[in-house]
Structure formats: structure tokens, C-alpha cells
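This report describes selected local features of the structure shown below.

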Amino acid sequence: MKERLQKILARSGAGSRRTAEQYISEGRVSIDGMIVTDMGIKVDPADHEICLNGKPIHSSEEKIYILLNKPTGYVTTLSDPQGRPIVTSLLTGIDQRVFPVGRLDLDTEGALLLTNDGELAQHILHPSFEITKTYAAKVIGRPSVDSIERLAKGIELEGRRTSPAKLKVIRETVRFSVIEITIHEGRKRQVRKMFAAIGHHVLELKRIAYGRLKLGSLPTGKFRIIGKKDIEKILAGK
Ligand code: URA
């Protein structure tokens with residue numbers, strides 16, 4: 001993928017983008033042996049040798065893990081033909097190319113992990129590891145104890161039974177209920193479909209935890225870089 005030269009340099013550890021721009025303007029950067037001073041140039045580091053001070057830069061990226069509180073209205077794909085906002089546009093100051101681990105619907109908010117670590121992403125997403133995700137679902141009405149039990153045991157959804165889930169009623173009013181639901185599968189619109197199957201439409205949905213890693217008080221639209229301890233909390237959440 002072609003990217004701006006200063007971005008590639010910054011990601012390689014040459015410094016901030018501004019420092020990288022300075023290096024370019026000083027004639028210290030070359031592409032395939034040719035000095036470049038053009039700031040707007042785009043290049044694919046996979047196809048060309050980029051040197052700083054005559055030495056090839058290492059384009060191997062440092063692994064980064066980000067927990068974002070995704071707002072509704074954002075897509076979790078890396079581009080959108082319909083021009084809707086994409087989650088990575090919220091990651092100001094992050095130079096690494098990260099991708100979301102799994103997806104959240106356009107109308108779902110909450111915890112979204114983004115990383116450039118494909119191995120960890122695969123581990124988290126692979127069904128055999130059964131990493132849990134917890135959602136707070138605001139649903140119309142008050143599901144009966146029986147219905148909640150049906151969801152907990154697993155229900156038939158599009159010809160396949162859902163795995164057992166954990167549910168906890170957090171709040172009940174005459175018109176709606178807030179229910180925490182923990183699942184380890186990741187079928188499309190699964191939580192919404194599960195509640196629809198017991199006759200309770202989901203009004204709002206928020207992912208509040210990946211495994212044992214909670215979203216906590218991270219404001220909507222904001223992110224934090226997470227470390228090893230937090231990753232362990234995710235992986236411990238079986
Ligand atoms: N279940 C859903 O229905 N939607 C999501 O975004 C995630 C889980």
C-alpha cells in the first residue's frame with residue numbers, strides 16, 4: 001500500500017512526522033538510491049528501498065494494542081464505499097496501521113480492540129479459545145425469567161444453536177430493561193438476534209468488556225493504548 005513518505009519514516013522510528021519532514025527537506029532521505037525532497041510523495045515500502053542517512057529504514061512495525069470506545073455511526077471496516085466514518089479515523093497520533101479485532105455493528109458502541117498484531121487477533125477471534133465479550137443491551141419491555149434462561153442455555157438461531165451465555169438483569173423499568181449478556185461467539189448481529197428471538201427488540205447495544213478487560217470510564221470516541229497486563233485480562237476471559 002502506498003503511503004506518504006513522512007508517515008512511513010515516522011512509523012519506522014525515525015521520529016515524529018514533523019521530524020521526518022525535516023529529514024526529507026534536508027535531503028537525507030532516498031528512495032531506491034535517489035534523494036527525494038518532495039513532501040507529498042507516496043510510496044509503497046514493500047516495493048522500494050527507503051533510506052535515511054544512507055541506511056535502509058526498518059519498516060517492521062512495533063506491535064500496538066488499542067482499546068477504543070467506538071461511537072455509534074462508525075464502521076469497523078478499514079474503508080467504506082458509502083463514505084461513512086471509519087473507526088481508525090478516531091485514532092489521532094497513531095502511525096501504525098492497525099485493524100479492528102472483530103466487528104461491531106454501525107449502531108453498536110463500546111469496546112473495540114485495534115492492533116497490528118495479526119497473531120493475537122486470530123487468537124482472540126478463533127472460536128476454540130472462547131474469549132468472551134460482554135454487552136449491555138437495552139431492550140424493549142421486561143423479558144421473563146424463562147426467556148432469559150432460554151438465552152442462557154442457548155437458542156436456535158438461523159439453524160444453529162447458540163452456545164451457553166451468561167445474563168444479568170441490571171435495570172428494569174415498565175418500558176425497557178438493561179441486560180448484561182456475555183457470549184464467546186461472534187455471529188453477525190448475534191446479540192440483537194438473540195433478544196429478537198425472545199421477542200425483545202434491542203434499542204441500544206454497547207460492548208462493555210473483552211474477556212476481563214472492561215471498557216470502564218473511557219469516553220465515547222476516545223481510545224487508550226493498552227499493555228501486556230490488559231491483553232492478559234482479555235485472554236483470561238474465558
Ligand atoms: N452483537 C450484535 O448484535 N451486534 C454487535 O455489534 C455485536 C454483537
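A residue is termed buried under 20% relative accessible area, exposed over 50% and partly exposed in between (1.4 Å probe, protein chains only). Helices (H or I, at least four residues) and strands (E, at least two) are DSSP runs numbered from the N terminus. The model is predicted, so local features need pLDDT of at least 70 and side-chain atom pairs count only at pLDDT 80 or more, while totals for chains, interfaces and linings use all residues. Residues are numbered from 1 along each chain as its sequence is written, and side-chain values use heavy atoms, with hydrogens and water left out.

Helix H6 (residues 228-235) has Asp-230, Ile-231 and Ile-234 buried. Seen down the axis of H6, these buried residues fall within an arc of 100 degrees, so they line one face of the helix; the arc is that of the directions from the helix axis to the C-beta atoms. Lys-228 and Lys-229 are exposed on the face turned away from the buried side. Among the elements covering the buried residues of H6 are strand S9 (108-115) and strand S15 (202-210).

| Pair | Sense | Bridges |
|---|---|---|
| S9 and S15 | parallel | three bridges |
| S10 (residues 133-140) and S15 | antiparallel | seven bridges |
| S15 and S16 | antiparallel | two bridges |

S15 and S16 form a hairpin with two residues between them, and Gly-211 in the turn has a positive phi of about 55 degrees.

Leu-78 lies in the loop between S7 and strand S8 (99-100) and is partly exposed, with a relative accessible area of 49%.

Definitions and conventions
Contact means heavy atoms within 4.5 Å. Two strands pair if DSSP finds at least two bridges between them.
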